[in-house]
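Visitor: I would like to learn how to read a structure like this one. Please show it to me first.

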Amino acid sequence: MTTTPRPGTGPSTSPTSPASTAPGSVVDGALRLAPYWATVLRRTWKGGVISALVTPLLYVVAMGVLLGGFIEVAPGELEGATSYLAFVAPGLLAAHVMTLVIGETTYPVMSGVKWHKTFFAMHATPLGIGSIVLANVGFILLRTLVVSAFFVAVLAPFGVFTTWWGAVLAWATQALVIGAFTTPVFAFAAGLQDETAFALVFRLGMIPMFLFSGAFFPVGNLDAPLEVVARLTPLWHGVDLTRMFALGTFELGPALVHVAYLVALTALGWWWAVRRLRARMVV
Amino acid sequence: MLIHARGLRKTFGDFEAVRGIDVDVPRGQAFGFLGPNGAGKSSTMRMVAAVSPPTGGTLRILGMDPAEQSSAIKARIGVCPQEDTLDLELSVRDNLYVYGRYFGLPRKEVRARVDELLAFVQLGEKADAMVDDLSGGMKRRLTIARSLINRPEILLLDEPTTGLDPQARHVVWDRLFRLKAQGVTLVLTTHYMDEAEQLCDRLVVMDKGHIVAEGSPLELIRAHATREVAELRFGAGGAQAEHEAVAEQVAGLADRVEVLPDRLLLYSDDGERTLAQVHAAGLRPTTTLVRRATLEDVFLRLTGRTLVD
């Protein structure tokens with residue numbers, strides 16, 4: 001070697017170079033992780049864009065246009081929608097967002113705590129558990145919001161939004177759906193010893209919710225006990241709020257209940273996620 | 001003292017991993033924890049790295065209590081964990097860059113340090129390769145480079161060469177030697193006695209959560225072993241009973257005799273002379289070897305067991 005670099009000799013030998021510091025807050029720490037998540041995004045965005053454009057098109061053509069073509073009902077029976085396409089479109093949006101988020105918080109989180117141990121690498125630095133969770137959740141939120149925007153943009157030409165601002169609010173509602181699924185599933189995954197329990201999340205959580213939480217038919221069509229169950233799921237709250245904005249059937253009372261429910265679930269999931277990840281990593 | 005521990009303990013449920021150890025590491029020292037797997041070395045290292053709260057005792061890192069100021073401590077230490085925690089899907093350069101940013105260092109500064117460290121660990125040509133494509137030795141060197149990105153005052157290395165082939169180990173040792181020469185405080189765990197002998201100014205021998213001896217490698221060998229060792233092997237099968245019988249015959253020829261499953265160790269200050277006496281006594285070992293005593297002998301003496309099973 002021609003030059004002798006002096007790595008690791010400590011700040012004392014290089015008084016002019018900036019010293020590393022502890023983050024001032026959870027948010028400060030999370031921002032230090034932004035370059036990491038930006039690098040992850042740079043590596044994966046191409047596939048993501050194609051899927052973000054094609055998936056909504058497939059959904060809306062198959063479920064909305066083709067299947068919807070067989071469905072003729074009076075508007076009152078479809079929660080105010082004038083066509084099945086208009087009814088199902090906001091449901092597809094929220095349900096698709098749920099599947100994306102669960103995908104981002106199952107195997108990738110397991111990788112962080114077990115396979116690649118990327119969370120352990122982060123935690124060996126001044127970053128705290130809260131910052132690690134916040135950065136990951138923030139990444140999922142931003143990325144899924146972008147994908148949702150594509151989804152809304154693809155749906156819009158089919159005339160499923162009664163107003164442009166309804167479309168914007170339906171999109172913004174996805175932030176609540178993302179939060180309500182991201183933090184609890186992250187928490188669940190962070191404490192698992194292996195990935196077999198993810199099958200439970202998919203089969204007993206995601207798929208039944210996808211099919212029965214009001215995305216494809218009004219939950220009023222279910223028998224009484226099942227209808228109550230459906231109305232307790234986070235996806236129903238997300239679907240109903242999205243649909244209110246899309247169809248212009250907004251009602252303040254129910255809307256506030258939806259928002260409160262989804263925010264509460266996000267907060268509870270957040271608390272659980274930090275707790276479970278800490279229990280996993282600080283032993 | 002950069003590291004100061006008194007009566008440090010760590011328990012996991014009923015299992016006592018570390019049972020009250022005292023450790024002091026001054027600035028600039030290369031300090032080692034030597035012991036077999038399960039001795040409590042890694043548990044100790046995790047406590048020192050401020051990611052594992054001690055169950056009992058006192059621990060101060062850089063004068064700070066890890067229970068109160070773990071982030072401030074972690075900002076000033078470097079950690080090279082036993083398992084590489086590199087992001088396999090990121091390039092070599094990106095792994096270092098994003099990690100540098102975790103320490104709150106400015107972009108430009110991190111970029112400069114990345115180039116410097118890649119040169120230091122001889123991975124400059126691999127800068128844009130994916131980590132997944134690196135050999136085990138290269139990954140280890142990258143992990144070492146990563147642990148230096150914040151110019152740490154203490155570098156913690158948990159089993160730095162475990163799993164590497166001999167050539168890769170020597171490259172890692174060479175880099176660690178350079179750091180040592182630059183005055184970096186190194187704290188390492190190892191179950192390789194040659195690693196401990198080469199790299200450590202001072203070390204503690206750990207066994208079952210206790211420190212059983214402490215000193216420089218040379219001091220430990222002087223205190224717990226003789227200068228030389230004659231190794232004798234008898235027969236292909238090397239039956240233990242046969243060895244026990246031979247051990248009685250040679251007992252008077254050495255300061256001490258150890259019976260291992262496959263060989264006898266005769267401790268004396270002149271191995272060749274001891275060997276000559278063995279032959280003079282009419283014994284005919286199939287193979288013999290005279291060597292300098294090592295930390296392996298120290299460990300055997302202190303615990304009755306070998307380091308690497």
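Visitor: Is A:Glu104 buried or exposed?

Guide: This is a predicted model, where local features need pLDDT of at least 70 and side-chain atom pairs count only at pLDDT 80 or more, while totals for chains, interfaces and linings use all residues. Residues are numbered from 1 along each chain as its sequence is written, chains are lettered from A and ligands numbered from 1 in the order in which they are written, and side-chain values use heavy atoms, with hydrogens and water left out. Buried means under 20% relative accessible area, exposed over 50%, partly exposed in between (1.4 Å probe, protein chains only). A:Glu104 has 18%, so it is buried.

Visitor: Which side chain meets A:Glu104 in a salt bridge?

Guide: Side chains of opposite charge can pair when their charged atoms come close. The rule asks for a side-chain nitrogen of Lys or Arg within 4 Å of a carboxyl oxygen of Asp or Glu. Here the partner is A:Arg143, at 3.0 Å, N to O. The pair links distant parts of the chain: A:Glu104 is in helix 3, A:Arg143 in helix 6, 39 residues apart. A:Arg143 is partly exposed, at 25%.

Visitor: How many residues apart are A:Glu227 and A:Arg231?

Guide: Four, about one turn of helix 9 of chain A. Helices are DSSP runs (H or I, at least four residues), and strands are runs of E, at least two; both are numbered from the N terminus. A:Glu227 and A:Arg231 form a salt bridge, with the closest N and O atoms 2.8 Å apart.

Visitor: What span should helix 8 of chain A have?

Guide: The expected span is 1.5 Å times one less than the number of residues. Helix 8 has 15 residues, so it should span 21 Å; its end C-alpha atoms are 20 Å apart, which agrees.

Visitor: Where does helix 8 of chain A bend?

Guide: A bend is the angle between axes fitted to the seven residues ending at a residue and the seven starting there. Helix 8 bends by about 25 degrees at A:Met206, and A:Pro208 follows within four residues. A:Met206 is also among the buried residues of this helix, including A:Phe198 and A:Phe210.

Visitor: How much area do chain A and chain B bury between them?

Guide: Buried area is the accessible area (1.4 Å probe) that two parts lose on being put together, summed over both. Here that is about 3500 Å², 60% of it on carbon and sulfur atoms. The rule finds two salt bridges across this interface. A:Arg43 and B:Glu89 meet in a salt bridge at 2.8 Å, N to O.
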